[in-house]
Structures are given as C-alpha cells and as structure tokens.
Amino acid sequence: MHASWAARTDPGLRRSHNEDCYCARPELGLFVVADGMGGHAGGEIAAQIAVDAIAGAVESTRSLGPDDPWPVPFDASLSPAGNRLRAAFDQAQRCIADRAASVVALRGMATTAVAVLLEESAGVIAHVGDSRAYLSRQEGLIRLTSDHSWVEERVRAGLLSEAAARAHPWRNVVTRAISGEEPVAADVSELSLRPADRLLLCSDGLSSVLPDPEIGDVVARDADRQAVCDELVRRVNAGGGPDNVTILVLDIGAG
C-alpha cells in the first residue's frame, strides 16, 4: 500500500529539550511516533531506542509467516503484520531494559509509542501510553487508540470530561509505557484502509492541548500534509506549547 507522508516535531514553548522521536520507513510501510520519559537525557534516549528497535524488528520479520519461528508467541487472532508489531514493541522493551541496565543514570527511562504498519489493503495500529492514532475520512475524524493514562481512565468512567482531562495536573501520568522494568502490553488492532484515507500519529503534546474536533478540522481542510503538521504545531504553541509535540500525517494511495 502506497502512502505519502509529512511530519513535524517541536519542543514547544516550556521545554528546553525535545524528548519526542519519530520514524518514517515507507519501504517497510512503517511509521512511528514515540514520546520519551525519564529526564533530560533518558526520555530522548528511550524514544530513540524504541523507534530504532521497532523499525529493526519489523524489517527482520518481514518474511515470516504463521508457521515460522517467531520472536514472541504467534497470536492467531492477529494477522502476520499484527504479530510483527507485537514482536517489534517487545524488542523495544528489551532494548530499553538492556540499555538501562548498563547505564545507572538511565534507569527508570521509558517511552510511549504509536505505530502503523501498512500492507496491501490494510494496516495495523499498535500503541502503548498516550501517543495517539487518528483516521480522517469524509465522515470525520475517528480516534483509533485509547490512551493508557490516569485521566483517560477517569474519562472512560465518566468522572472527567475531555476538556477537564486536558487541563488536569495529572494529564501526563501514563499507566503503560515501554520501559525496562516490566513486559510491554501493547494494544494491537487491524484496520481496513482505502484510497484517500488520511492517518495522523501524534504525541500527547497535541492531544493534551487541542480537542479532537479542532484537530479534525485542520486535518480535513488542507490537502498539503506538511501544512497540516505546521498548522497543528502553530496552534499548540499558540495554546501555550506546554510540551514537546510530534505530528506525522499519512495519505493513503497518494502520490
């Protein structure tokens, strides 16, 4: 499946350092956004390790079928592409664990991540934490992921509104991450795609500032992918720019 892409990452207005990272490997059909945690150096390193490990694992498993030996047990409820992303997130966890074990200052580092792997007529989404994936179609913006975060759990329980969650002092507290301290539990879902679909991957620096309807309006109104990324970053910074923000836009079937 062919996809054209654009991306933008920005430190925001209140952070001196950017701990976000992204990867675009169109030859693999792989696109990833990661948001590191763990301090000035640790978060940046964790995000970069995760992105590199996910890409390496997706590349190394590209020829595997259901009957081949897999680095993780094959899940028959998922496609081979879904299993490749499961294996890739597992590899990211092991790489972060290995690096943290060898460098005392990096212990406790972690990262969120969201990834899409495109195949012939479908895609697979995997994520851990509060980095998000959206699908934009004629009928509007569809959120494809549910945050693994303290505030999202309260929103789902009806205890917080979306607006209150974006302003809550605990909005950055995640309940799952890729770390070296425990096995990763990535949510993996299959996705049917068609030409003219637009996918958006982002760190929570976007979703914690702009509501989904506003994001959807920007994503849908401009045919230029880079202009969408730039406008979303501009609006985040106009809203205070409290965090690093990374945005990756994919147009399915576009030249």
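**Entry 1: a term to start with.** A pocket, as I use the word here, is an open set of grid points with protein on both sides within 12 Å along at least five of seven lines, and its lining residues have an atom within 4 Å of a point. I also note that I am working with a predicted model.

**Entry 2: the largest pocket.** I looked up its lining and found 18 residues. Those nearest the centre are R132, D147, R166, S207 and S208. The volume of this largest pocket comes to about 210 Å³. Next I sorted the lining by residue type: 10 are charged, 5 nonpolar and 3 polar. Which helices supply at least two lining residues each? I found α3 (150-156), α4 (162-167) and α5 (204-207).

**Entry 3: the sheet.** A reminder to myself: strands of a sheet pair through backbone hydrogen bonds, either parallel or antiparallel. Here I traced an open sheet of 5 strands, in the order β1-β11-β10-β6-β7, with antiparallel pairing. At the edges I found β1 (3-10) and β7 (140-143), each of which pairs on one side only. From one strand to the next, the twist averages 20 degrees.

Entry 4: I picked β10 (residues 198-202) and β11 (residues 245-252), which are antiparallel and joined by 5 bridges. Which residue in β11 is the bridge partner of L200? I found V249 there.

**Entry 5: helices on the sheet.** Helix α6 (residues 212-221) packs on the sheet and touches β6 (132-137), β7 and β10. I noted an angle of about 55 degrees between the directions of α6 and β6. Helix α7 (residues 225-238) lies across β1, β10 and β11, and runs at about 25 degrees to β1.

Note on methods: Residues are numbered from 1 along each chain as its sequence is written. This is a predicted model: local features need pLDDT of at least 70, side-chain atom pairs count only at pLDDT 80 or more; totals for chains, interfaces and linings use all residues. Side-chain values use heavy atoms; hydrogens and water are left out. Two strands pair if DSSP finds at least two bridges between them. Helices (H or I, at least four residues) and strands (E, at least two) are DSSP runs, numbered from the N terminus. Axes are lines fitted to C-alpha atoms, for helices over the stretch in contact, and angles run from 0 to 180 degrees between N-to-C directions. Contact means heavy atoms within 4.5 Å. On a 1 Å grid over the protein atoms alone, a cavity is a set of points where a 1.4 Å probe fits but cannot get out, and a pocket is an open set with protein on both sides within 12 Å along at least five of seven lines; lining residues have an atom within 4 Å of a point. Grid points are joined across faces, edges and corners, and a volume is the space filled by probe spheres set on the points. Ala, Val, Leu, Ile, Met, Phe, Trp, Tyr, Cys and Pro count as nonpolar, Asp, Glu, Lys and Arg as charged, and the others, Gly among them, as polar.
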